[in-house]
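Subject: Structure handover and notes on its charged side chains

Dear colleague,

Please find below the structure that I promised to pass on to you.

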Amino acid sequence: MERLPGGRRPRLESSLGLGRRSWEVTLDEERGRLAWRDPRPPRRARENCSVPISEIIAVEETELNKKQRNIGRWQKMAKLHAFTVYYVKKARNHRWRCSNVTFWCVDEHLCNQWIQALKELLEMQKSRPKQLLVYINPFGGKRQGKRIYEQKVAPLFSLASISTDVVITEHANHAKDNLFEVNIYKYDGVVCVGGDGMFSEVMHGLIGRMQKDSGIDQNNPKASLVQCNIRIGIIPAGILHQDCKGSTDCVCYSTVGISDPVTSALHIIIGDCQPLDVSSVHHNNTFLKYSVSLLGYGFYGDILKDSEKKRWMGPMRYDYSGFKTFLSHHYYEGTIAYQPAKHTHGSPRDKESCRTGCYICKKSEKQLAEQNKEHGLKHEEGEEEWKVIKGKFLAINAVNMSCACPRSPKGLSPAAHLADGSADLILVRKCSRFDFLRYLVRHTNQDDQFDFPFVDVFRVKCFQFTSKLSEDNESNVMDIGKKRFGQFCRDHPACCCNIVNSTWNCDGETLDSSAIEVRVHCQLMKLFARGIEENCKDEAAQSQSSIEQLL
């Protein structure tokens with residue numbers, strides 16, 4: 001096919017068979033769409049159907065089966081040539097499925113022309129992965145990871161001509177350790193199949209490998225980390241639970257909109273890319289963990305700590321521990337020091353949710369880069385920028401994303417953004433058990449969960465915490481903090497709660513230290529995702545049922 005000036009292909013239009021009827025089919029590279037229209041639609045049928053080229057999975061030459069060949073007079077005239085286009089069908093609630101449509105004609109040359117044109121356009125989709133490294137946890141969740149991958153995901157990767165190297169993990173940190181040994185640069189992405197622990201392993205292994213190769217010391221809390229450009233794909237295969245805000249569920253819901261293996265696989269196939277902020281957690285100049293969803297002290301930390309003792313209960317342990325922790329109503333005294341994220345263009349209460357192509361994330365990242373270039377990191381550490389809060393807290397939560405899930409559709413912070421270089425710091429002060437229940441209930445409805453006198457929320461780029469009576473008070477975990485805080489709460493030498501320190505819940509894993517230093521690294525990693533789309537379907541999905549009726 002001859003090309004137009006600028007290398008574009010001319011618009012390809014043909015009358016092709018679809019079922020028993022002849023349809024007008026158009027391939028428009030400039031608009032980036034494949035469209036087909038029935039020139040004589042029956043009453044109530046949709047006339048136009050289309051799918052973006054970017055959401056076509058594959059195209060294959062097809063042999064018509066017996067039912068498809070029974071199309072009237074054409075079967076008696078000549079041999080039919082056909083091809084099938086596989087594409088993304090968007091259903092309700094952000095669920096994606098692989099659908100297909102088969103066109104036929106009697107001209108073999110015309111059929112080959114369509115196949116070649118479509119395949120050439122798919123080759124131009126440079127963001128699509130061709131080789132993936134896949135880690136499968138066969139023990140996580142309901143032990144369904146291997147089955148889910150083999151039955152639901154692997155066939156789709158094969159259809160899209162994606163080659164894979166699959167590693168079945170055999171022990172804890174297997175994936176993390178392996179990522180430090182393999183040649184990761186030959187892969188277009190790393191896919192994890194399993195529960196919360198598997199995603200955490202892959203994230204830590206990939207980010208850690210990038211810092212090691214770049215000579216960056218992860219134990220330095222002020223180090224400028226190197227961005228990881230190898231995307232991570234998440235195939236959820238674990239148990240859904242809300243109480244401990246598992247990282248896999250939160251990431252899927254906040255970046256894809258649903259926790260569904262097929263949907264996630266299709267996002268990987270078409271090469272979606274969603275930058276993601278990552279928080280580093282340090283204690284005493286020692287690296288502890290990375291976090292992408294929730295850092296929770298107090299309520300959510302106590303739930304996780306108690307549930308770990310009751311693993312024999314299965315998923316029920318989260319509900320049980322949550323109810324038990326609510327009844328205990330423990331509060332913890334401590335001091336929070338934080339730096340406001342002045343570079344961001346939004347606020348935690350502006351009701352501007354993070355969506356596909358979020359302009360707040362783009363503007364905030366650009367402004368932060370300009371500030372760092374102009375002033376450097378030392379400016380960020382200026383003493384005048386720190387704010388200090390002392391008090392008694394039922395919960396201290398820091399989130400890099402909304403942390404939405406089925407039980408909490410809005411999440412812990414509905415307006416949190418995925419890639420703006422900040423975290424939302426939520427402080428729930430000591431209050432009555434009834435008031436705390438009112439606060440928790442608002443996570444399940446549309447009311448403003450921050451509209452309480454005992455709840456404060458701040459958008460921050462880093463923070464430090466130290467508890468009142470922990471052993472960490474006598475260490476120099478926070479040089480800045482020691483200058484400011486001194487000995488606090490001297491008027492109350494005896495804590496009136498039964499437990500001195502809580503535990504930090506870091507994306508579903510406990511931290512050993514209560515005194516921590518947290519810093520947000522803007523867009524440190526990337527996922528095979530596109531963010532939450534507005535709740536609508538594309539034309540192809542809307543018209544699919546009508547097409548099937550016509551066939």
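**Salt bridges around D260**

The side chains of D260 and R95 meet in a salt bridge, with 3.2 Å from N to O; the term stands for a side-chain nitrogen of Lys or Arg within 4 Å of a carboxyl oxygen of Asp or Glu. D260 lies in the loop between helix 7 (247–255) and helix 8 (261–269), while R95 lies in the loop between strand 6 (81–90) and strand 7 (96–105), so the pair ties together parts that are 165 residues apart in sequence. Helices (H or I, at least four residues) and strands (E, at least two) are DSSP runs, numbered from the N terminus.

Please keep in mind that this is a predicted model, in which local features need pLDDT of at least 70 and side-chain atom pairs count only at pLDDT 80 or more, whereas totals for chains, interfaces and linings use all residues. Residues are numbered from 1 along each chain as its sequence is written, and side-chain values use heavy atoms, with hydrogens and water left out.

D260 also meets the side chain of R97 in a salt bridge, at 2.8 Å from N to O. Because R97 lies in strand 7 and D260 in the loop between helix 7 and helix 8, this pair ties together parts that are 163 residues apart in sequence. D260 is buried, with a relative accessible area of 7%, whereas R95 is partly exposed at 32% and R97 is partly exposed at 30%. Here buried means under 20% relative accessible area, exposed over 50% and partly exposed in between (1.4 Å probe, protein chains only).

**Other charged groups**

A search of the whole structure finds 24 salt bridges. One of them joins R21 and D38, whose closest N and O atoms are 2.8 Å apart. R21 lies in strand 2 (residues 21–28) and D38 in the loop between strand 3 (33–37) and strand 4 (48–52), so this pair ties together parts that are 17 residues apart in sequence. R21 is partly exposed, with a relative accessible area of 26%, but D38 is buried, at 1%.

Beyond these pairs, E55, K90, D272, R530 and E533 are linked in a network of salt bridges.

Finally, E61, E63, D107 and E108 form a negative surface patch (residues with over 30% relative accessible area and no salt bridge, like charges being joined within 9 Å). E108 lies in helix 3 (residues 108–123) and, at 46% relative accessibility, counts as partly exposed.

Methods. Patches are made of residues with over 30% relative accessible area and no salt bridge: like charges are joined within 9 Å, nonpolar side chains (Val, Leu, Ile, Met, Phe, Trp, Tyr) within 5 Å. Accessible areas come from the Shrake-Rupley method with a 1.4 Å probe; for residues, only the protein chains shown count as cover. Lys and Arg count as positive and Asp and Glu as negative; His and the chain ends are not counted. The place of a charge is taken as NZ of Lys, CZ of Arg, CG of Asp or CD of Glu.
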